[in-house]
Every structure is written in structure tokens, then in C-alpha cells.
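The tour below moves from one selection to the next.

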Amino acid sequence: MLKLNRVHHIAIICSDYAKSKRFYTEVLGLKIVREVYREQRQSYKLDLEVGDLYQIELFSFPDPPARPSRPEAAGLRHLAFEVDDLDEAVAHISSFGVDVEAIRVDECTDKRFTFFADPDGLPLELYERPL
């Protein structure tokens with residue numbers, strides 16, 4: 001049987017590299033591991049660290065096609081980030097002008113969560129850590 005250990009990385013293609021780099025590093029506070037410009041592909045690849053566990057690869061390509069995410073399109077639905085204090089996290093990202101949906105309670109776990117979007121409209125979730 002196949003044994004998967006964990007998610008190794010998540011790859012995101014952005015339409016505006018500078019805007020998305022700022023969003024993921026300054027707004028979300030992800031740590032830059034490495035940044036490479038690949039001349040042959042006219043593409044940046046930015047490796048980002050999430051809480052010392054997972055890595056997001058942020059790519060730029062010339063004129064990438066838009067990917068529908070709403071209404072609920074088939075494919076990846078959203079990325080969820082665990083936070084210790086949801087109110088604090090919402091206040092932080094809101095201070096950067098990011099629109100955040102109203103906080104809701106997961107009917108299965110009784111934990112609080114909310115959604116917002118990255119600069120390209122990719123749905124992102126903040127999920128409060130179980131205490």
C-alpha cells in the first residue's frame with residue numbers, strides 16, 4: 001500500500017508576481033526560502049515556508065489563463081491555514097485591506113473559520129486551531 005507522509009508543497013501560479021509576493025510574504029507572513037528567476041521560462045519561482053512544515057511554491061508565467069474558482073468550480077476548492085487566534089489573524093490581514101468574510105462555526109467540529117482571497121481570487125481559509 002502507498003504510504004503518503006504529508007503534503008510536500010502546494011504550487012500556485014499568479015498573474016502579478018510582485019503583488020502576490022507581497023501578499024504571501026507581508027500580509028500572510030510566509031518566510032522566503034528561495035527565489036529564482038528562470039530565464040528560459042520567463043518565470044519566477046518563490047519557495048515559501050508555512051510554520052516550518054509546508055512549502056508553497058509561487059510561480060509567475062507570462063499571461064497565465066484565469067482559472068475559475070466561483071461558483072464552486074471542479075478542482076482545488078481552497079487552501080486552509082491553521083491559526084491560534086482567529087480574531088487576531090482576521091484583524092491582521094484586514095489591516096492590509098484584505099476583504100474577509102464573516103467568521104462562521106464549522107458544524108462538524110464547532111471550530112471557527114473564515115474565508116478570504118489572494119490577489120488572483122484563490123480562495124483561502126483561516127481555521128482556528130483546536131485547543
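What follows is a walk through a predicted model, with each stop giving a selection and what is found there.

**Stop 1: the sheet**

Strands of a sheet pair through backbone hydrogen bonds, either parallel or antiparallel.

Look at the two pairings of β8 in turn. With β5, β8 pairs in the parallel sense over five bridges; in this pairing A80 stands opposite E125. With β7, β8 pairs in the antiparallel sense, again over five bridges. Here A117 has P123 as its bridge partner in β8, and F113 stands opposite Y127.

**Stop 2: the turn between β7 and β8**

Select the hairpin of β7 and β8. Five residues lie between the strands, and G121 takes a positive phi near 85°.

**Stop 3: strand β8 by itself**

Select residues 123–128 and show side chains. How many of the residues of β8 are buried? Six of the six are, so β8 is largely enclosed by the rest of the structure. P123, E125 and Y127 point one way from the strand, while L124, L126 and E128 point the other way. E128 is buried at a relative accessible area of 16%, which falls under the 20% cut-off.

**Stop 4**

F113 and Y127 form a stacked aromatic pair, with 6.4 Å centre to centre and 20° between the planes. F113 belongs to β7 and Y127 to β8, so the pair ties together parts that are 14 residues apart in sequence. Both F113 and Y127 are buried.

**Stop 4: R112 and its two partners**

Side chains of opposite charge can pair when their charged atoms come close. R112 is partly exposed, with a relative accessible area of 23%.

The side chains of R112 and E128 meet in a salt bridge of 3.0 Å, N to O. This pair links distant parts of the chain, R112 in β7 and E128 in β8, 16 residues apart.

R112 also forms a salt bridge with D87, at 3.0 Å, N to O. D87 lies in helix α2 (residues 86–94) and R112 in strand β7 (residues 112–117), so this pair ties together parts that are 25 residues apart in sequence. D87 is partly exposed at 44% relative accessibility.

**Stop 5**

**Stop 6: other charged pairs**

A search of the whole structure finds nine salt bridges. One of them joins the side chains of E101 and R104, at 3.2 Å, N to O. E101 is partly exposed at 34% relative accessibility, and R104 is partly exposed at 39%. Next select R34, K45, D47 and E57: salt bridges that share partners join these four residues into one network.

**Stop 7: other aromatic pairs**

The whole structure holds seven aromatic pairs. Among them, F23 and Y24 form an edge-to-face pair, with 5.1 Å centre to centre and 85° between the planes. Are these two residues buried or exposed? F23 is buried, and so is Y24. Then select Y17, Y37 and Y44, which ring pairs link into a cluster.

**Stop 8: two loop residues with positive phi**

Most residues other than glycine have a negative phi, and most peptide bonds are trans. Select D63, in the loop between β4 (54–60) and β5. D63 is not a glycine, yet has a positive phi of about 50°. D63 is exposed, with a relative accessible area of 75%.

Finish at D110, in the loop between β6 and β7. Phi of D110 is near 65°, a positive value in a residue other than glycine. At 60% relative accessibility, D110 is exposed.

How values were computed:
Residues are numbered from 1 along each chain as its sequence is written. This is a predicted model: local features need pLDDT of at least 70, side-chain atom pairs count only at pLDDT 80 or more; totals for chains, interfaces and linings use all residues. Side-chain values use heavy atoms; hydrogens and water are left out. Helices (H or I, at least four residues) and strands (E, at least two) are DSSP runs, numbered from the N terminus. Buried means under 20% relative accessible area, exposed over 50%, partly exposed in between (1.4 Å probe, protein chains only). Rings of Phe, Tyr and Trp (its six-membered ring) pair if their centres lie within 6.5 Å; planes under 30 degrees apart count as stacked, over 60 as edge-to-face and the rest as tilted. Two strands pair if DSSP finds at least two bridges between them.
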